[in-house]
Structures are given as structure tokens and as C-alpha cells.
Amino acid sequence: MRKTFVLLFALLFLCAAGRALADMPPWTYPLEPEILEDREGLLVLTNRSSLLSEDFVPRDLVVITARHINDIHGDMLRKVANDAVNRMFEDAEKDGCKLYLKSVYRAYSTQKYMYQNRLSKVGRDDGVVAYPGSSDHQTGLGMDILNYEWTKKSGMTPAFGTEKEAIWMAEHCAEYGFVIRYEEDKQDLTGIIYEPWHLRYVGLEAARYMKEHHLCLEEFDAEWRQYIQDWEAAGGDFRQLLRDRAAPSSVSVLYVTDDGEEELSIELDD
Ligand SMILES: [Zn+2]
């Protein structure tokens, strides 16, 4: 009697979960919903109209371990980005490209200081130093990477894009989860000049997708948000979808009978 009751309860639960998924329109976006859920915060968008707050400090910052210029010794990146940049530098070197980190995580207060310095120097916002809260460097996922020759120059210009190291990065960075954050033909969307040295970690799947479709982060962000909005308007429920997909593939019920303990396992077919 008790066994029958437990079994019935478990089956009812499974039917309910199955029906929730079946009621939703199919998920057809090329990336898995978990990528867009972005629990790791890899897709954070920052620009002049999407500012990070003053107290936004990325999680799991670690001291950089890849080759870098002396000025930034002891500076930090998020751990995922630091791991990825190490892998990329190793492979780049095998292809004859020696890369150097030039600038990594920058705190809000540092950016604010730099911005105010630039303002007092040139008397206006000339777009050279990002507005506080709008810098990709504050995410802990953005970084400037140069070759040796360019680390000796006082500034960076789009001319770096013709160096073999920059060409290598544009070609291969997505294989390590990076994108060139400020592309030459996306300046009207990013609000930033072409920066072939500024790479941004977004994770492997997103980087590959953005490269394949030649999307800047602003476009990608708008595209997937629109997809979810349309998909929900058609009857989907993004949070419910994530919950359903996270549900276990089988349910085990332990129960006690007069003969002792028994375990009942029910496989869930999706
Ligand atoms: Zn940069």
C-alpha cells in the first residue's frame, strides 16, 4: 500500500515536469540556455550606456601568471581569463608569436582617476580613456595584449592590427574563449575605436558563436535577449526551462517495507 503510494507520487511528479517542457516552444537558439543564463558572469556588457557600478568587483580575481610588462606585476584577472590567456600565450609562442599582457583588471576607482586626469589634461572627453564604469577592464575579463615591439611604445594605435601577433590573435583567440572586443567595423556600436590589442574573455561557446557571426558584444547581447523575449512571448518560460533541464535524469525513492529497505529508481526520458 505504502509502496504504491510512493510510486504514484513519483510518477505524478515526473508527468508534471515533463508536461512543463512539452508546453514550451522548442529552444532553437544556437547556444544552450545555460550559456545565456551566464551564472559565471562571463557575458557582462559594459559600455557608456551599460555602466558597472562603483562597487562592482569581479569574483575570483587572481594575480596574473602570463607574460606581462613590468608595470602590471601583481595585477589581476578573473581566474578563468587568466587560465585561458596562459593557454593562448603558449600556443601563440609555438607559432612564433610572443605576446605580452599590457593592462588587465582595472578597478572603478583607478578608471575614475585616469578619466579625470585625461579630462584635466585635454579639457574634454576625447574618448581615449573610458568613462568610469564603462571600461571592459573593470570586468576582470578584458585585457590589452601586445607584441614586444609595441610594449616599448608610449601608446597604442590601430596600426598594431597589421602586426603578425595581432593577426594571430584575431584568427585564434576564439579557440581560447576570447573575442576582439572593439572591432574596426563596429565602432558605431561599441563607441570605441578599433583596438586590435583589447581581448575580452566570454567563454568558448560564446566566442566561437560571435566570431562565426561576426558580432560584437553589444550585438550579441541584444540578439540573445531579443530571442528570449520572443521565445517567452510564444509561451516559453526561461527560468522554468533552466529548472527543467537541471532536473535529475532519474529519481530514486528509498522506502521501508516489512521485509526491509528497498530502493526504487525511475529513469526520466527527456
Ligand atoms: Zn583595453
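**Group meeting: around Cys-173**

Okay, let's start at Cys-173: leaving aside residues up to four places away in sequence, Cys-173 touches Met-88, Phe-178, Val-179, Ile-180 and Leu-199. Contact here is C-beta atoms, placed from the backbone, within 7 Å. One caveat: this is a predicted model, with pLDDT of at least 70 needed for local features and 80 or more for side-chain atom pairs, while totals for chains, interfaces and linings use all residues. Numbering runs from 1 along each chain as its sequence is written.

So, the core. Cys-173 is among the residues with the most contacts inside the largest nonpolar core, along with Val-85, Ile-145, Phe-178 and Val-179, and that core has 42 residues. By nonpolar core I mean buried Ala, Val, Leu, Ile, Met, Phe, Trp, Tyr and Cys joined through C-beta atoms within 7 Å; buried is 20 or more other C-beta atoms within 10 Å of a residue's own, with C-beta atoms placed from the backbone. Two or more residues each come from H3 (79–94), S4 (142–146), H6 (164–172), S5 (178–182), S6 (195–201) and H8 (204–212). Helix H3 gives the largest share, 6 residues. Those labels are DSSP runs numbered from the N terminus, helices being H or I of at least four residues and strands E of at least two.

Now the sheet. It's open, 4 strands, order S3-S4-S6-S5, paired antiparallel, where pairing takes at least two DSSP bridges. Strands S3 (100–103) and S5 sit at the edges, each pairing on one side only. In the S4 to S6 pairing there are 3 bridges, and Asp-144 faces His-198 of S6.

Lastly, helix H6 lies across S4, S5 and S6, at about 35° to S6; angles run from 0 to 180 degrees between N-to-C directions, with axes fitted to C-alpha atoms, for helices over the stretch in contact.

How values were computed. A residue is buried if 20 or more other C-beta atoms lie within 10 Å of its own, exposed if 12 or fewer, and partly exposed in between; C-beta atoms are placed from the backbone. Two residues are in contact if their C-beta atoms, placed from the backbone, lie within 7 Å.
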